[in-house]
Amino acid sequence: MNTTMNTTMNTGNMNTTSDIDRLAWSIDQFGFGFADDAQIDSVVAHARTTGASPVLVDVLADETQPVNARTRAFGMVALQASRRAA
C-alpha cells in the first residue's frame with residue numbers, strides 16, 4: 001500500500017459518486033494493489049446500501065480474490081452504486 005497516496009486520498013465515508021471516482025482514479029493510476037483498504041471498505045459499505053450486486057460486492061471485499069477479479073468487480077459495483085445514488 002502506498003502511504004503517500006493514502007494520506008492524500010483518504011476521504012472518509014464513500015457516499016457520493018465523486019468519492020467513487022477518486023478511488024477509481026487511484027486504482028487506474030497506481031493499480032488495485034496500492035488502493036487504500038479503508039477506501040475499498042467504504043465503497044463496499046456504500047455499495048451495500050445502494051443495492052449493488054451482493055456477489056460483486058463480496059468479490060470486491062475479498063482480499064483473497066485475484067486482483068483482476070477485484071478490479072472488474074469494482075468497475076461494476078461503482079457503476080451500480082453510482083446509478084442508484086444519482
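Phe30 is partly exposed in this predicted model. Its relative accessible area is 35%. Trp25 belongs to helix α2, which covers residues 17–30.

Trp25 and Phe30 also form a ring pair. A pair of aromatic rings is described by two quantities, the distance of the centres and the angle of the planes. The structure holds one aromatic pair. In this pair, the ring centres of Trp25 and Phe30 lie 5.8 Å apart. The ring planes meet at 85 degrees. An angle over 60 degrees counts as edge-to-face, so the pair of Trp25 and Phe30 is edge-to-face.

Together with Phe34, Trp25 and Phe30 make a nonpolar surface patch. The area of this patch is about 310 Å².

Charged side chains give another kind of contact. Side chains of opposite charge can pair when their charged atoms come close. The structure holds one salt bridge. Its partners are Arg48 and Asp58, and their closest N and O atoms are 3.2 Å apart. Arg48 sits in helix α3 (residues 37–50), while Asp58 sits in helix α4 (residues 54–61). Arg48 counts as partly exposed because its relative accessibility is 45%. Asp58, at 42%, is also partly exposed.

The interior is described next. In soluble globular proteins, nonpolar side chains tend to be buried together. Here, the largest nonpolar core has 17 residues. Leu23, Ile40, Leu60 and Phe74 touch the most other members of this core. Helices α2, α3, α4 and α5 each supply at least two of the core residues. Helix α5 spans residues 67–85. This helix gives the most to the core, with five residues.

Leu60 shows how such contacts reach along the chain. Residues up to four places away in sequence are left out of its contact list. The remaining partners of Leu60 are Phe32, Ile40, Val43, Val44, Arg70, Ala73, Phe74 and Val77. Two of these partners, Ile40 and Phe74, are themselves among the core residues that touch the most other members.

How values were computed
Residues are numbered from 1 along each chain as its sequence is written. This is a predicted model: local features need pLDDT of at least 70, side-chain atom pairs count only at pLDDT 80 or more; totals for chains, interfaces and linings use all residues. Side-chain values use heavy atoms; hydrogens and water are left out. Patches are made of residues with over 30% relative accessible area and no salt bridge: like charges are joined within 9 Å, nonpolar side chains (Val, Leu, Ile, Met, Phe, Trp, Tyr) within 5 Å. Accessible areas come from the Shrake-Rupley method with a 1.4 Å probe; for residues, only the protein chains shown count as cover. A salt bridge is a side-chain nitrogen of Lys or Arg within 4 Å of a carboxyl oxygen of Asp or Glu. Helices (H or I, at least four residues) and strands (E, at least two) are DSSP runs, numbered from the N terminus. Rings of Phe, Tyr and Trp (its six-membered ring) pair if their centres lie within 6.5 Å; planes under 30 degrees apart count as stacked, over 60 as edge-to-face and the rest as tilted. Buried means under 20% relative accessible area, exposed over 50%, partly exposed in between (1.4 Å probe, protein chains only). A nonpolar core is a set of buried Ala, Val, Leu, Ile, Met, Phe, Trp, Tyr and Cys residues joined through side-chain atoms within 4.5 Å. Contact means heavy atoms within 4.5 Å.
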